[in-house]
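Please open the structure in a viewer and keep the selection tool at hand.

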Amino acid sequence: MFVLVVNRFDGSKNYQSRYELPEERVQGQTLLAVLQYIKQNIDPTLNFTSHCRSAICGACAVKVNESAVLACDTNIETLFKSYETSTLTLSPLANFPVISDLVVNWDEALEHLGRIHPTIVPKKESNTEDGCVQSQTDLQRVLPAWDCILCGICASQCTRYSQSRNDYLEPFAFAHAWRTAFDSRNADPLFSCKAAVENGLWRCVHCSICMHVCPKAINVAEDIVDLRKLILEHRRPPRH
Ligand code: SF4
Ligand code: SF4
Ligand code: FES
């Protein structure tokens, strides 16, 4: 018998629910499939979010014990084995306000992403007939950051953001600043950097946890280093 303990919230109080699962229910199953089984067969009041079931929408991220994962991309049998236990505890992502059970509110996180202005300032040639042509090499450079599915796992696990949410941003916001700053079509690479600096770019402690937990292997810690270097390269020489 396997057990999932879920840390829940009903809008006013926190409590736990315990779900017992026979071995055949977890064999070869994803965590999301098991959550759906619980909702359909054991407890219809359990709330969680999901959509694509293919690791591309980012909706199903939850915490298992202390580590955030994508529920649709995580084999629950392997999880039990890796923790060497028959009981796992599920919680909503950390560093997000909880709406209900495993469902978190993204309003603040999206407002933070907006602060970065993750858009490019088009070069003049964008208005010409040929448009602004980007070479394959230049495209390949920024392509990894486009893989971000806004799952929130890096925000849940970030050392610095967990310490203080008032003077730092969810790591993915810096990944999107990097994506725009290093896009060869961008006429003003520093456009997103300014907002990144104002929102904590120099406060990252380089623990690299964001890189290790990201389901898309986005290296935000390295992106932050790149942004810092870019800013230093464009620094005005001191006046005498
Ligand atoms: S490297 Fe920086 S952004 Fe990434 S988890 Fe650590 S403190 Fe957060
Ligand atoms: S950077 Fe990775 S962990 Fe963070 S939101 Fe994007 S995909 Fe998720
Ligand atoms: S349901 Fe879309 S990423 Fe898991």
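Please bear in mind throughout that the model is a predicted one.

**The sheet**

Select the five strands that form an open sheet; their order is E2-E1-E5-E3-E4, and the pairing is mixed. Which strands stand at the edges? They are E2, residues 14-21, and E4, residues 67-70; each has a single partner strand, so one side of each is left without a neighbour in the sheet. Neighbouring strands of this sheet are turned against each other by 30 degrees on average, direction ignored.

**Strands E1 and E5**

Next, select E1 (2-9) together with E5 (87-91). These two strands pair in the parallel sense, and four bridges connect them. To find a pair of residues in this arrangement, display Val3, which stands opposite Thr87 in E5.

**Strands E5 and E3**

E3 and E5 run antiparallel and are joined by two bridges. Here Val64 has Leu90 of E5 as its bridge partner.

**Strands E3 and E4**

Ala61 is found opposite Leu70 in E4. E3 and E4 form a hairpin with two residues between the strands, and Asn65 in this hairpin takes a positive phi near 50 degrees.

**Helix H2**

Select residues 31-41 to show helix H2. This helix lies across E1, E2, E3, E4 and E5, and runs at about 100 degrees to E2.

**Ligand 2**

Move to ligand 2, where the space taken by the ligand is the largest cavity. Select its surroundings: Cys148, Ile149, Leu150, Cys151, Gly152, Ile153, Cys154, Phe172, Cys214 and Pro215. Coloured by class, this shell shows nine nonpolar residues, one polar residue and no charged residues.

**Ligand 1**

The last stop is ligand 1, which takes up the space of the second largest cavity. How many residues surround ligand 1? There are 13, and the closest are Cys158, Cys204, Cys207, Ser208 and Cys210. Select also helix H7 (159-163) and helix H11 (220-233), the elements that give two or more residues to this shell. By class, the shell around ligand 1 has nine nonpolar residues, three polar and one charged.

Methods
Residues numbered from 1 in each chain as written. Chains lettered and ligands numbered in written order. Predicted model: local features only at pLDDT ≥ 70, side-chain atom pairs only at ≥ 80, totals over all residues. Heavy atoms only, no water. Pairing = 2+ DSSP bridges. Axes fitted to C-alpha atoms, helices over the stretch in contact; angles between N-to-C directions. Contact = heavy atoms within 4.5 Å. Near = heavy atom within 4 Å. 1 Å grid on protein atoms, 1.4 Å probe; cavity = no way out; pocket = protein on both sides within 12 Å on 5 of 7 lines; lining within 4 Å. Sits in = over half its atoms within 2 Å of the grid points. Nonpolar A, V, L, I, M, F, W, Y, C, P; charged D, E, K, R; others polar.
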